[in-house]
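Please open the model in your viewer and keep the selection panel at hand.

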Amino acid sequence: MTAFDTAFTRLLGIDVPIVQAPIGGLSTPALAAAVSNAGALGTLSVTWRDPERLRDLLAETRRLTDRPFGVNLVLEWPPDERLALCLEAGVKLVSFFWGDPTPYVERVHEAGALVSLTVGSAEEARRAVATGVDVVVTQGWEAGGHVWGKVATLPLVPSVVDAVAPVPVVAAGGIADGRGLAAVLALGAAGAWLGTRFLLSEEATVHEHYRRRVAAARETDTARVEDFDVEWPNSPLRALRNETVTAWESAGSPAIGRRPGEDEVVGHNELGEPVLRYSSSAPTAGATGEIEAMMMYAGQSVGLVDRILPAGEIVREIADEAALVLERTRGLTRAEVMA
């Protein structure tokens, strides 16, 4: 497998400038560890984990890898208790999302860890660096899951790179293969953040119906919607079009209180808890009921994703393809470029 030398790989002590996005409750210790063992950075989503269960998940991840791994915390909810558990477990990177990290940056640094923040504009990136974050994650609107900004990845990445250099920038949104990694590196990013590709990793706890939908989807099969917010109000997201999305759009995309099928229980999650239509809870392997009615997060890169592979193989495949693309591009003469 090809190793890379970027500001991000040097800062984290890893070989491949890939971050496995936290992908909510679909992330597992096995997934994070497999990505880290392959030389990239595996990540656990921890915002909604029960603290006692989180302690076990962190210990399991550390048992499975001695390489750096990260955690993700959404600042819409107070992170203090879960952040403390993560820092005690020795995580390398704490990535924050959807809020101001200022109250927590010093605390993370004192524990010997690094901080990243996801942004949607160059101005947000400048403010993030002013708070002391070590890495800026630029999220283009192509991204799956909850989407913070409204700018596409291609114009966003160089704008943020120019705004915060020499702070490392990691690009997110629309990246699923080596060509995408090579492209954002060419734009000045020091790494790439991939979520949709890892939905088809063997280690992700994704419901089989959800996997089949991702594997069959085209790049046009996602929608950015704003009212699927049972657990998380005012939080736009991108997901596969399904019967719930179609019915909502056909009704004119009505607001809360007027949505078709609102308050209807469409199934149960892996804990046996009811899942309402318009819930933002994605179906894990243990979910039951009308899986097609549940929110299935995916980014516009979903059209590039069609094979289930071990996570480590996904990392190696993307890294090797990116290296070939970059080598071929650098080898072109001026005449060939201008032809």
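In which loop is the place of Lys92? Select Lys92: its place is in the loop between helix 4 (80-88) and strand 4 (93-97), where helices (H or I, at least four residues) and strands (E, at least two) are DSSP runs numbered from the N terminus. This is a predicted model, in which local features need pLDDT of at least 70, side-chain atom pairs count only at pLDDT 80 or more, and totals for chains, interfaces and linings use all residues. Residues are numbered from 1 along each chain as its sequence is written, and side-chain values use heavy atoms, with hydrogens and water left out.

Lys92 is partly exposed, at a relative accessible area of 28% (buried means under 20%, exposed over 50%, partly exposed in between; 1.4 Å probe, protein chains only). Now display its contacts (heavy atoms within 4.5 Å): not counting residues up to four places away in sequence, Lys92 touches Leu11, Leu12, Pro68, Phe69, Ala113 and Leu114.

Next, select Asp221, in the loop between helix 9 (208-216) and strand 10 (222-225). Is Asp221 buried or exposed? Asp221 is buried, because its relative accessible area is 17%. A polar atom of the Asp221 side chain lies 2.8 Å from the backbone nitrogen of Arg218. Leaving aside neighbours within four places in sequence, Asp221 is also in contact with Ala239, Leu240 and Arg241.

Finally, select Tyr210. Not counting residues up to four places away in sequence, Tyr210 touches Leu26, Leu199, Ala282, Pro283, Met296 and Tyr297.

Notes:
A polar contact is a pair of N or O atoms within 3.5 Å; within protein, one must be able to donate a hydrogen and the other to accept it, and residues adjacent in sequence count only if both atoms are side-chain atoms.
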